[in-house]
Amino acid sequence: MTDATTEVKVTAASDIEVDHEALDRSIHEFAGPNGEYYVKSFHKIHDATSGLPNTFNHWAAILGPFWSASRAIWGMFWAFLILEIIAWVQIGRGAWGNPGADLAERATRQQDRANELLGRAADATEKADVDRFTKLAENIQKAADSSFEKAAAAQSEAVGIMITGLLMLLVFKLVQGFYADRVYEKQYSNWRTDPTTTESGRSTRNTVLGAVLIAAIGPLIVYKFTVNASLAMLDAFPEKEVSALFLGEDGGTLFSALASWMEAQIDAAAAAGGDVFDGIVGGVRTVLDGLTIALIGSPWPVVMLVICVTAWRAAGPRVAIFTASSLAYIALLGYWDVAMETVALVGAAVLLCVVFGIPLGIWFGKSARAYRGAEPVLDLMQTLPAFVYLIPIIAFFGTGNPPGILATIIFGMPPVIRLTALGMRGVPDSIKEAAVAFGASKWQLLKDVEIPLALPSIMTGVNQTILMCLSMVVIISLIGGGGLGKEILEALQYAAKGPGLLGGFAILFLAMVMDRIVQGAFRREDEKL
């Protein structure tokens, strides 16, 4: 029994020794140069019972961010590069800078102004002017003396600023020395988990890159914040000099040349495609006029009743009561016509977004290549500031409600396209294969299987499009659009706080009514499914 126990212990000890040897080889492989040091350090870190650092990396403390870059610890590199630059700025301000330079310059200007007023007092002929100029000169002289005193006090603090910078640098170096091995050990753990994405060893590329970054960033920032009058090219980009290099001395600036060229191209395109653009505006105006006649031309009780009944049928009695209250608020404050015009604008934009967006989303959901090609365009439509859309819209389509709708379509169409494509891609392949196996054609597959299953995502896209189109109401008023956006714009122009808030609440209630009706209808369809 004793022999068996001894044999087990010997076997366990040999296994532990083998595991230690494998771990040491792994650390050597990871660390590369100076691997023996990191073997000992990592073992100390593993054996530590507290969270306090128990190793000190002298090279990390001395070289600082340069060591971090050589070991590909880029988070630590950027953090301590910034901290050390701050310390060096303090050292530079105390060693060769002039902390009181701004105050001294202000004091000099005040002194010159006081001397000027004393000269005017000496030249004055009337006693009142003499007294006035003398009094002003005395006041400014007091301010100048105070500024000179503050400048001297700031200059006397230079040694303290330099000592503070040295202490900060020492602290940062010590922190890097104490925590470098722990950070590097975490990188080693990541490397063992996924060696393909985590860098190891000390690479020449990273070392050179770190040196270039330190040399390019550190000296320039220290110079800029410690020298009283730095180079002008560090304060502002030499745009005129660069323009002269490309266009010559008399060629103007790159901005003016590029702006003139773009304006000429837009004017030429607008002139060449005038008939096409007029046709697009005419089509949008037809849709808008139809909705406007239905909402504004019809008697208001009929319109209000239809909207409330729609809310009841789509989302239930609570939403219907809220809808009636919101419409009552709009009508009682005299916003009925402009609110219905807003609904017509948003309705026309949403209708066109849905008519064109859902087929495009279905196509992109079925064709990955088409979606990859369209994705940058959709990103541009969503991320470009909405005001930027107005410039080409005015150039090609003019001003008024139809061009405003076109700008709204650009902003509001991406959600319905993206979410329709997402819903189409989310339809399980097994269901589509089963439908095809039962003899469904491509049209039947799309109409009876794919679209019904993708409908929740499609309806979410429609809801998002409605809200995004409504958010453009105020913006399109800048190019002649009507509705509640025009009321808000006028309130902003005249700083009319009350009318602006009342109009804003009207837009808010319209948005909430539309959102509740669409979401209620979607929930009911989802319950049926």
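Is Ile163 buried, exposed or partly exposed, and what is its relative accessible area? Ile163 is partly exposed, at a relative accessible area of 43%; the terms denote under 20% for buried, over 50% for exposed and the range in between for partly exposed, with a 1.4 Å probe and protein chains only. The legends below describe a predicted model, in which local features need pLDDT of at least 70, side-chain atom pairs count only at pLDDT 80 or more, and totals for chains, interfaces and linings use all residues. Residues are numbered from 1 along each chain as its sequence is written, and side-chain values use heavy atoms, with hydrogens and water left out.

**Figure 1. Overall composition of the protein.** The model contains 24 helices and zero strands; these are DSSP runs numbered from the N terminus, helices being H or I of at least four residues and strands E of at least two. Of the 529 residues, 36% are buried. Contacts are heavy atoms within 4.5 Å. Among contacts with a separation of 6 or more, 74% join residues 24 or more positions apart. The protein exposes about 30,300 Å², of which carbon and sulfur atoms supply 65%; accessible areas come from the Shrake-Rupley method with a 1.4 Å probe, and for residues only the protein chains shown count as cover.

**Figure 2. Nonpolar surface patch that includes Ile163.** Ile163 lies in helix α8, residues 158-193. Together with Val159, Leu167, Leu170, Val171, Leu174, Val175, Phe178 and Tyr179, Ile163 makes a nonpolar surface patch of about 770 Å². Patches consist of residues with over 30% relative accessible area and no salt bridge, like charges being joined within 9 Å and nonpolar side chains (Val, Leu, Ile, Met, Phe, Trp, Tyr) within 5 Å.

**Figure 3. The largest nonpolar core and a separate core.** A nonpolar core is a set of buried Ala, Val, Leu, Ile, Met, Phe, Trp, Tyr and Cys residues joined through side-chain atoms within 4.5 Å. The largest one has 69 residues, and Ile405, Ile409 and Leu484 have the most contacts inside it. Helix α16 (residues 336-366) supplies the largest share of this core, 16 residues. Apart from this core lies another, of 21 residues, including Leu23, Tyr38, Phe172 and Trp191. In soluble globular proteins, nonpolar side chains tend to be buried together.

**Figure 4. Surroundings of Leu484.** Residues up to four places away in sequence being left out, Leu484 touches Tyr335, Val338, Ala339, Thr342, Val473, Ala506, Ile507 and Leu510.

**Figure 5. Packing of helix α13.** The buried residues in helix α13 (residues 274-297) are Gly274, Phe277, Val281, Val284, Leu288 and Leu295. The buried residues of α13 pack against α12 (254-272), α14, α16, α18 (386-397) and α19 (401-425).

**Figure 6. Salt bridges around Glu450.** The structure holds nine salt bridges, each a side-chain nitrogen of Lys or Arg within 4 Å of a carboxyl oxygen of Asp or Glu. The side chains of Glu450 and Lys366 form one of them, at 2.8 Å from N to O. Because Glu450 lies in helix α21 and Lys366 in helix α16, the pair ties together parts that are 84 residues apart in sequence. Glu450 is buried, with a relative accessible area of 2%, and helix α21 spans residues 442-471. Lys432 and Glu450 also meet in a salt bridge, at 3.9 Å from N to O. This pair links Lys432 in helix α20 (residues 429-437) to Glu450 in helix α21, 18 residues apart. Through shared partners, salt bridges join Lys366, Asp429, Lys432 and Glu450 into one network.

**Figure 7. The salt bridge of Asp379 and Arg418.** The side chains of Asp379 and Arg418 meet in a salt bridge at 2.3 Å from N to O. Asp379 lies in helix α17 (residues 368-383) and Arg418 in helix α19, so the pair ties together parts that are 39 residues apart in sequence. Asp379 is partly exposed at 33% relative accessibility, whereas Arg418 is buried at 17%.

**Figure 8. Aromatic pairs.** Rings of Phe, Tyr and Trp (its six-membered ring) pair if their centres lie within 6.5 Å; planes under 30 degrees apart count as stacked, over 60 as edge-to-face and the rest as tilted. By this rule there are 19 aromatic pairs. The rings of Tyr329 and Phe509 form an edge-to-face pair, because their centres are 5.1 Å apart and their planes stand at 80°. Phe509 is partly exposed, at 22% relative accessibility. Phe30, Tyr37, Tyr38, Phe42, Trp67, Tyr184, Tyr188 and Trp191 form one aromatic cluster.
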